[in-house]
Amino acid sequence: CRHLVASLSDIIDMIPRHYFTVSPDIDDRDGDQNPPRMRVLTAEDNPANRELFRVLLDRLDVECRFVGNGQQALTALKEEAFDVVLLDMQMPVMDGLETIHAIRKNRAYDNLYVIAVTAHAMEGDSERYIEHGCNDYLSKPLDRQLFDDKMQRLIESHSHGSLPVG
């Protein structure tokens with residue numbers, strides 16, 4: 001099943017994005033413009049977890065980019081604007097704590113919503129990661145309903161113009 005999902009994801013990735021968007025002249029009946037889709041950066045070194053996040057985020061109709069470590073996440077943040085970062089806390093090269101410290105030192109990322117994600121969840125992790133600058137916390141294995149609920153709240157806030165930061 002995982003191979004089928006990966007294959008379908010690869011096929012979908014080959015289709016140009018403009019086939020998935022509605023042209024403005026068709027959708028702009030009353031003159032209102034739809035807000036841009038929320039953009040999510042996922043920093044996760046495990047390929048199986050990246051694929052799970054890809055499937056979950058695709059269902060939510062958000063734009064997403066994936067990187068394998070904290071250093072790549074910082075590079076991606078310099079290259080593109082993101083609204084949310086899903087930040088694995090145990091990664092090679094630069095782990096999540098180093099990454100969140102670098103993010104919070106940069107005033108340009110003051111409105112960036114960061115969710116810490118960790119597999120070795122221990123009591124107090126949520127508070128610890130929030131003290132270090134994350135806005136929220138998820139443990140692995142992911143509770144899909146909790147993930148969907150958190151992301152839906154963020155999408156709704158984003159569509160109203162701002163995320164609940166800091």
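**A. Val 93 sits out in the open: it is exposed, with a relative accessible area of 69%.** Here, exposed means over 50% relative accessible area, buried means under 20%, and partly exposed is whatever falls in between, using a 1.4 Å probe and protein chains only. This is a predicted model, so local features need pLDDT of at least 70 and side-chain atom pairs count only at pLDDT 80 or more, while totals for chains, interfaces and linings use all residues. Numbering starts from 1 along each chain as its sequence is written, and side-chain values use heavy atoms, with hydrogens and water left out. Back to Val 93: the residue is found in the loop between β3 and α5 (96–105). Its phi is positive, near 70 degrees, even though the residue is something other than glycine. For context, most residues other than glycine have a negative phi, and most peptide bonds are trans.

Asp 61 is another non-glycine residue with a positive phi, here about 60 degrees. Look for Asp 61 in the loop between α3 and β2. Buried or exposed, or something in between? Asp 61 counts as partly exposed, at 48% relative accessibility.

**C. Lys 140 and Pro 141 are joined by a cis peptide bond.** Pro 141 belongs to the loop between β5 (136–139) and α7 (144–159).

**D. Strand β1 (residues 39–43) is mostly covered, with 4 of its 5 residues buried.** Helices (H or I, at least four residues) and strands (E, at least two) are DSSP runs, numbered from the N terminus. β1 pairs in the parallel sense with strand β2 (residues 63–67), over 5 bridges; two strands pair if DSSP finds at least two bridges between them. To get from β1 to β2, the chain goes through helix α3 (residues 47–59), and this β-α-β crossover is right-handed. That label applies if, with the strands pointing away from the viewer, the path from the first strand over the helix to the second runs clockwise. β1 also runs parallel to strand β3 (residues 84–88), joined to it by 4 bridges. Zoom in on Val 40: this residue stands opposite Cys 64 in β2, and also opposite Val 84 in β3.

E. How many disulfides does the structure hold? The count is 0, where a disulfide would be a pair of cysteine sulfur atoms within 2.5 Å.

pLDDT is the predictor's confidence in each residue, from 0 to 100. Across the protein chain, the average pLDDT is 82, and 75% of the residues score at least 70.

**G. Stepping back, the protein chain has 7 helices and 5 strands.** Along the sequence they follow the pattern α-α-β-α-β-α-β-α-β-α-β-α. Of the chain's 166 residues, 37% count as buried. Among contacts between residues at least 6 apart in sequence, 63% join residues at least 24 apart.

Terms used:
Contact = heavy atoms within 4.5 Å.
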